[in-house]
Amino acid sequence: MQKELTSKKRDEFEDILEERRLSSDLRYAMKCYTPVIYKGLSPCKPNAIKSAVLQSEQVQYVIKQLAKEMGESPDIIQEEATEILDEMGHRMQLGAVRFFAFTLSKIFKQLFQRVCVNEEGMQRLQHAIQEHPVVLLPSHRSYVDFLMLSYLLYMYDLALPVIAAGIGNLFVFLWKSGYAPIEFFLEGTRSRTAKTLTPKFGLLSIVMEPFFKREVFDTYLVPISISYERILEESLYAYELLGVPKPKESTSGLLKARRILSDNFGTIHIYIGQPVSLRTLASGRINRCPYNLVPRHLPQKPSEDIQEFVSDVAYKMELLQIENMVLTPWVLVAALLLQNLPAMEFELLIEKTLWLKGLTQTFGGFIEWPDNLCAKKAVLSGLTLHSNIARLVDGHVVLNDKGVEDGAVGEIIFKHALAILMCATYRNQLLNVFVRPSLVALALEMTRSFRKGVTQCYEALSSDMQKNALAALVQLGAVKKKKSSNGFTYNVNQEAVSKILDMFDDSADAIPEHNEFLFPEYEILIEPEEPEFSADSSVEPGDEQGAVDTSKNPKEQEELGATGSAGEAFQSLDEETLEAMAKCETKEDKIFQMFKEKVAAEPEQIIRYCRGGEGPVWVSGENRPEENDIPNCSCGAKRIFEFQIMPQLLNHLQVDSLGESIDWGTLVVYTCADSCGGANEYLEEFIWKQDHSMGHILPS
Amino acid sequence: MRGRGRAGAGPGPGPGPGPGPGRSRSRGKRWSGSRCRDCRNQKEGGLEPLACVCKRVIRHWNGLPREGVDSPSLEVFKLRLDVALSAMIWQELLKWNGWGYNDSKFIFNKKGQAEFTGKRYRLGGMVLPTFKEWIEKTFGASLEHKTTSRASLNVNDVPPSIVNEEFLQDLRATKISYSQDAEDRVFRAHGHCLHEIFVLREGMFKRIPDIVVWPVCHEDVVKIVELACKHNLCIIPFGGGTSVSSALECPEEEKRTIVSLDTSQMNRILWIDEKNLTACVEAGIVGQDLEKQLAESGFCTGHEPDSMEFSSLGGWVATRASGMKKNIYGNIEDLVIHIKMVTPRGIVEKNCQVPRMSTGPDIHHFIMGSEGHALKPQVASIFTSFLDGLKKFYITKFKGFDPNILCVATLLFEGDREKVLQHEKQVYDIATKFGGLAAGEDNGQRGYMLTFVIAYLRDLGLDYYVIGESFETSVPWDRVLDLCRNVKERIVRECKEKGVQFAPLSTCRVTQTYDAGACVYFYFAFNYRGISDPIHVYEQIERAAREEILANGGSLSHHHGVGKLRKRWMKESISDVGLGMLRSVKEYVDPNNIFGNKNLL
């Protein structure tokens, strides 16, 4: 099992700073820079590109529209567009690029121990850029992300990406003509908590449009995972989360405002994912007609199925980012520490770290942990790097929240919260790995019949969670997804399921297999019963058999069916027995028959309420209470029938396994005829439990 | 309708042994016996190969004894003999398992150089020095690896002809020529799709027509349709047999007797009205004959599809054909002003011959593009134009004279002197602006002729494990470049995926232009060595290419038609309601599905 999940091959990392430390940054910045571009394109002067962009139908159309809306002359807007382009053009000028490369080399060397990149990923990217327009989709944890990515592309002789930020059609044109890859953050903003944010769809749908309109043959989406051992803005984020307003951000601001240049921020891992072909993703999913009927330069509101597609792709891309996020030992430590506040014994921490490491790897987490590194060293080096968050005191690891010893109470709490939040930022990185398996665990927990077939457990879940859990199951190999003519079919791999279950049992022993106390939630609908129906108690002979046939509710039958051949035999037996019973009718059967009649009006009913009315509907003639069987209320008044709980409830609560779970025929509740007691206190009432007559319990 | 390549006014039979203008003919079976072929080859000069005719007549006579024996009078006998004879002479001229004339084909001569045989085309006898290298380089084909087609049709493989005796009796009573001969039937069981030619070379069709009939006039057709209704038969009209949409394929599941209605004997121009510039022509006339006969009176139609040597007027109407000169003369729907058509429901026609009328939706548009569906056009009046002024050919070459990346355009100017000169100047101005230049009329003539013999290339490829086909679409101007690029790329990719070992030839050109868009022609061929089921692979790739075309905003077809080959996309192309409209017309006109070729709908 472990092997299966971790065998997913990932590329090796290379440290790109190593070489920078050995040779001149200046020479590096002045190196020959001839980025590869889209095949069949000849390199182009910025001015030529600029005029091509300005003359393009799309831009001209937008300019005209804007002019109309703003009541200004198109010339003015054209000028504005030119300015924007000039600015972009300036950014692309070689001099600026070189200066950038030089400074960034210096700064990165100062800040980070290592910057690790998967070389193979870079090669794939190099290849992809020459084939089709490329969209870079990095994760967003820090402001450093885009600097780092630009730096990286320069280093590998690739065209600097156009950073998509609010200039609309201009950049898309530049990108789709193949001059530069485009880059934006699916998450929209930096995640302050290190949890992956729900994706934004706007930009993604804009960059997909050229493909939908077939202006390009294909588009590559490249997920990029950038993981920081220590995030530059860690305390900034924590402050922000606590409500301290965030300072205005800019590149120089970020770097100047910090004494961070003297600080150590560990290692950055950049994993360039496999380019994903949009054409492959879209094959068979897109109705092309809408795009054929409108001129292509007109912006078009995406149809519903396009929107759905974009959203699916966005989530897929984020999952691919998550998959290759590198987790450091410190992340494990942070998670454990937060579970064991205020302090944790160092030895125990090491032991648990190792355990968590195993579990994480089982679920496909990508942990950077050199083979020969012992756990103690790993934990220690994490603690050293993050000495601002936690430290070792007398053999115990504690949060470093003692900033001002004698500060005001508010300040102490603030400090404490700060430390916890920072710590949580690292723990949260683990969340991405565990959230889906946890959903499955939860789902499995919420039903006791999961061994009979996994599908059922989703009934307890909302549809969104279902999707997630199902995705997780597919990922875990417990469920196989197969495309069929009408949608998808899911097949359960029993072996894998039981393995997963065993894993939960072994590793997370805190989770009991059966939870008797957590039933699924339902809403109870109250409806009056049709009086004429209850009056009509005559049993038509023809109906009898049909009524009896439904004695097992459909759900139960399904379940029985699911247990395979044994279940089938059981079912056939069921029918035979029923038939036999229908033929030789006893008094017992008559009562049950009446019960069935009553229930037939609303087969799903779980409670019958009729205070003081004609009394309960019995399921059998046996074990009916006599009048003196029902004790009087503590106030002395007689107790009268108020409501009865029907056996159907058992099905809804999924405690309907024969012979295993609790069972009743009906539960009848008698309450005080005087309704004694105040409105707000609990009073003891009387409940009578009647079981099914033994004659109706089928042999099993 | 054939639209192979884009040549136009075929040079025609020229000095070859083709039947002269006005002679009736049908096309069809190729005679197997090698003596006949030898005999004909000796007579390239122009005389009819008499000896062979005699033999063939005897054979035919024996094959269809009743035709002669039952003739009530000498006149009828003569008429039938004429039909039979002319049919055979034309049949003999055509390949039975490939494109065009028997004597015209590409071969590799003893020196290993490619050569075009025969004297019909200006290319005849010429050597193409770089062609071998090109074919080897492009397809990875080698002259050592050759496939061979069966030499002739094996009559034993042919499905038997099942015809109701009562129908035969009724048919005989009408005195319409017919044949149940295997070769005649096989010849009319296919068009020129790749898979059809492949079947001819290596296998046999599962279902072919049971009987071929040759009506000679409108009344004959009426009688045949009446008989078909009476006996519940299935009729599939046959014109030139140049369909590239599987339209002539007999539906395998058709249980009724299939009658192939060959229009080739209805090939007369009934009258020419010089005042109104119209002519009344029977549906079976072949393009080159029509042009030739009109030319005798100083007229032309200007409708020149590439297949015009072989395709018929009726076929043009049934597919909504388009020709290369359409910018001056218009497409078939612009040329035809009146159609008289026989349907199982009765005869449909307009009451007058006027250029345009506002009488609700034009009923002609149910007929044009109906793909032989319940509809049999009989007599069409066609706009004609004066044929005079200047014809000039030019090649415009764009500068940068590497012959491999040279862009060449063949332009044909037609009209009166001033107009031609004016057009010429306009084009040159444009060419100069982009650095091009005129290459002279001689080159133009050659380019014109080359585009025309392109259709013969596939047969050569088939001999060397190369299969290929062309297909077309129409697309708005702004999407032309994207569509071409994407479709070519898709073809290359699909080939790779399907295990084609050598990169395919995937190329295209714009062949017709409109104000709102253009017609684009794709050529696609690949070397299929190492692939067990090349036709299946080919079809999958072609389907993918068509999907790509549709996704790029191209049409299902510009002029080839839908047939059975492209039926699956009809709903997407014209919407559910549109399809329903057509179905209800079919339902009204032909409730018993007498014209049951299952095309289009």
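1. Asp590(B) is buried, at a relative accessible area of 2%, where buried stands for under 20% relative accessible area, exposed for over 50%, and partly exposed for what lies in between (1.4 Å probe, protein chains only). Its side chain meets that of Lys586(B) in a salt bridge with an N to O distance of 3.0 Å, a salt bridge being a side-chain nitrogen of Lys or Arg within 4 Å of a carboxyl oxygen of Asp or Glu. Lys586(B) is buried as well, with a relative accessible area of 12%.

2. On provenance, this is a predicted model, in which local features need pLDDT of at least 70 and side-chain atom pairs count only at pLDDT 80 or more, whereas totals for chains, interfaces and linings use all residues. Residues are numbered from 1 along each chain as its sequence is written, chains are lettered from A and ligands numbered from 1 in the order in which they are written, and side-chain values use heavy atoms, with hydrogens and water left out.

3. Salt bridges that share partners join Arg214(A), Arg279(A), Arg490(B), Glu494(B), Lys498(B) and Glu548(B) into one network. Within this group, Glu548(B) forms a salt bridge with Arg214(A), and the closest N and O atoms of that pair are 3.2 Å apart.

4. Arg490(B) deserves a separate look: it is placed in helix H17 (residues 480-497) of chain B, helices (H or I, at least four residues) and strands (E, at least two) being DSSP runs numbered from the N terminus. The residue is buried, at 17% relative accessible area, and its side chain makes a polar contact of 2.6 Å with the side chain of Glu548(B). A polar contact is a pair of N or O atoms within 3.5 Å; within protein, one must be able to donate a hydrogen and the other to accept it, and residues adjacent in sequence count only if both atoms are side-chain atoms. Leaving aside residues up to four places away in sequence, Arg490(B) touches Phe217(A) and Arg279(A) in chain A, together with Ala544(B) and Glu548(B) in chain B.

5. Taking the interface as a whole, 15 residues of chain A are in contact with 16 residues of chain B, contact meaning heavy atoms within 4.5 Å. The area buried between the two chains is about 1400 Å², and carbon and sulfur atoms give 32% of it; buried area here is the accessible area (1.4 Å probe) that two parts lose on being put together, summed over both. The rule finds 5 salt bridges across the interface of chain A and chain B, and the count of residue pairs in polar contact between these chains, both at pLDDT 80 or more, is 11. By class, the side of chain A that touches chain B has 9 charged, 4 nonpolar and 2 polar residues, with Ala, Val, Leu, Ile, Met, Phe, Trp, Tyr, Cys and Pro counted as nonpolar, Asp, Glu, Lys and Arg as charged, and the others, Gly among them, as polar.

6. Over all chains the structure holds 35 salt bridges, including one in chain A between Arg192(A) and Glu240(A), at 2.7 Å from N to O. Arg192(A) lies in the loop between strand E5 (182-183) and helix H11 (202-212) of chain A and Glu240(A) in helix H12 (residues 234-241), so the pair ties together parts that are 48 residues apart in sequence. Arg192(A) is buried at 11%, while Glu240(A), at 21% relative accessibility, counts as partly exposed.

7. In chain B, Arg201(B) forms a salt bridge with Asp463(B), the closest N and O atoms being 2.9 Å apart. Because Arg201(B) lies in helix H8 (residues 194-202) and Asp463(B) in helix H16 (residues 441-463), this pair ties together parts that are 262 residues apart in sequence. Arg201(B) counts as buried, with 6% relative accessibility.
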